[in-house]
Amino acid sequence: MLRVGGVRTRSLHVLPRKGYRLAYVTALKCRECEREYPVEPLNVCEFCFGPLEVAYDYEAIRKVISREQISKGPQTMWRYALLLPVDGENAVDLHGGFTPLLKANNLGKLLGLDNLYIKNDSVNPSFSFKDRVVSVAITKALEFGFDTVACASTGNLAGSVAAHAAKAGMKALIFIPADLERGKVVGAGVYGPTLVSVHGSYDDVNRLCSELADNYHWAFVNINLRPYYAEGSKTLGYEVAEQLGWRAPDHAVVPLASGALFTKIWKGLHELQDLGLIPTVKTRMHATQPAGCAPIVDAFLNGSRIIRPVRPNTIAKSLAIGNPADGIYALRALVQSQGAACNVPEDEIAEGVKLLAETEGIFTETAGGVVISGLKRLVQAGAIKRDELTVAFITGNGLKTQEAVEGMVHPITIEPTMKSFQAAMEDRQLL
Ligand SMILES: *Cc1c(COP(=O)(O)O)cnc(C)c1O
Ligand SMILES: [Zn+2]
């Protein structure tokens with residue numbers, strides 16, 4: 001493989017393309033100073049420490065992409081392979097993506113919305129949207145020749161990395177905070193990775209993993225492969241636009257942890273617009289975080305342009321990142337799109353989970369509870385109007401965070417007799 005040192009690489013057109021299709025990726029590019037880097041396992045600019053992002057040859061993509069070309073593709077996120085930084089033909093693919101976009105009439109009626117949709121990403125192969133980012137990252141790890149993948153996880157990433165590593169036949173080292181929900185620990189461990197439970201917060205785990213990444217030749221999906229990994233979230237934006245008949249929604253309501261998902265949904269919609277696949281994007285991007293960990297939302301509400309790290313204390317553990325890597329970019333997208341933000345009180349999170357389950361038959365995890373209760377507050381505040389097309393992004397599955405709603409579920413226990421049944425029902429005035 002041709003190695004091209006950091007700064008000296010102005011352009012990557014010098015890299016060999018045969019035998020190894022670089023898709024339509026031209027380089028990694030610093031988001032701050034725009035210096036270009038080769039397509040390698042790198043994530044930080046050596047000069048300004050800005051994060052690197054994948055750059056594409058959009059002119060070349062424009063010549064081959066079309067609504068028709070996309071709709072003929074597989075019923076997975078890989079139908080958008082032309083806009084992903086890997087060779088989609090060899091993707092490590094558990095059939096992630098192309099999840100249902102459901103019209104939510106019952107919940108809409110309750111909230112006062114005539115045009116509400118739920119993007120149900122909780123039905124992905126490992127039951128969260130993380131399968132989108134991980135499918136890209138593990139594919140890229142194989143292309144780079146790694147045999148071991150790793151991650152620092154708030155929970156869902158753990159399961160997704162472990163599952164995709166199993167499929168790819170790679171070794172996996174998964175680092176999680178010790179206080180994670182049972183469903184997430186088991187939901188990762190079952191795939192057979194080396195599961196390391198760390199006494200500390202996600203931010204502590206992430207700091208440890210950054211050190212490990214400097215010392216071991218592993219593909220850390222959200223550290224040294226982060227530029228590729230993060231691109232996977234764009235497919236949520238693409239899908240929603242395609243499923244709405246090739247147009248962007250008026251409103252997107254999204255949960256934020258690192259802020260990458262939020263930033264990339266916005267980016268994905270704009271890529272489709274710039275490629276002429278959808279009309280002008282006027283989507284307002286609304287940010288929701290739990291009150292116990294809302295560094296991005298709080299910065300927005302305080303009119304600040306910097307993110308003050310917090311010590312998370314929330315039941316929405318998948319969103320418990322106190323020092324969000326993409327916080328500043330999420331904040332920019334939020335401001336640019338004229339979105340609003342909501343920090344959802346901790347005692348409304350489980351209520352949001354219950355509300356979505358009871359009205360739409362979808363059991364989401366605590367992050368989804370944040371989205372639904374956040375949506376309710378945004379409508380009450382007048383940020384979303386009745387007739388406007390609104391999509392709430394449900395990113396994870398409730399079976400992984402049963403602790404949050406256990407106390408709200410009360411089976412009626414009876415003897416196996418008609419008499420016992422009728423007595424129990426009459427007691428509760430259910431018959
Ligand atoms: C990771 C995660 C998020 C947030 O993703 P970021 O890209 O880190 O902002 C949202 N919802 C769920 C269920 C997650 O697991
Ligand atoms: Zn830079």
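Reply: Happy to! Let's start with a term: a residue is called buried under 20% relative accessible area, exposed over 50%, and partly exposed in between. Keep in mind that this is a predicted model.

Me: Okay, so is D250 buried, partly exposed or exposed?

Reply: D250 has a relative accessible area of 33%, so it counts as partly exposed.

Me: And where is D250 found?

Reply: Look in the loop between helix 9 (234–243) and strand 10 (251–255).

Me: Which residues is D250 in contact with, leaving aside its neighbours within four places in sequence?

Reply: Those are K282, T283, R284, E388 and L389. With L389 there is a detail to look at: the D250 side chain reaches the backbone nitrogen of L389 at 2.8 Å.

Me: New topic: which protein donors does the zinc ion (ligand 2) have?

Reply: The SG atoms of C30, C33, C45 and C48, which lie 2.2 to 2.3 Å from the zinc ion. Their spacing in sequence is C-x2-C-x11-C-x2-C. Within that set, C33 and C48 link distant parts of the chain, 15 residues apart. C33 is in the loop between strand 1 (25–30) and strand 2 (36–37), while C48 is in the loop between strand 2 and strand 3 (52–56).

Me: Why is the arrangement around the zinc ion (ligand 2) tetrahedral?

Reply: Because the four donor atoms subtend angles of 97 to 120° around the zinc ion (ligand 2). To count as tetrahedral, all angles must lie between 85 and 135 degrees.

Me: And are C33 and C48 buried, partly exposed or exposed?

Reply: C33 is partly exposed at 31% relative accessible area, and C48 is partly exposed at 32%.

How values were computed
Residues are numbered from 1 along each chain as its sequence is written. Chains are lettered from A and ligands numbered from 1 in the order in which they are written. This is a predicted model: local features need pLDDT of at least 70, side-chain atom pairs count only at pLDDT 80 or more; totals for chains, interfaces and linings use all residues. Side-chain values use heavy atoms; hydrogens and water are left out. Helices (H or I, at least four residues) and strands (E, at least two) are DSSP runs, numbered from the N terminus. Buried means under 20% relative accessible area, exposed over 50%, partly exposed in between (1.4 Å probe, protein chains only). Contact means heavy atoms within 4.5 Å. A polar contact is a pair of N or O atoms within 3.5 Å; within protein, one must be able to donate a hydrogen and the other to accept it, and residues adjacent in sequence count only if both atoms are side-chain atoms. Donors are N, O and S atoms within 2.8 Å of the metal (3.2 Å for Na, K and Ca); water is not among the atoms, so sites may look incomplete. Four donors count as tetrahedral if all angles lie between 85 and 135 degrees; four count as square planar and six as octahedral if opposite donors are over 155 degrees apart and all others between 65 and 115; anything else is irregular.
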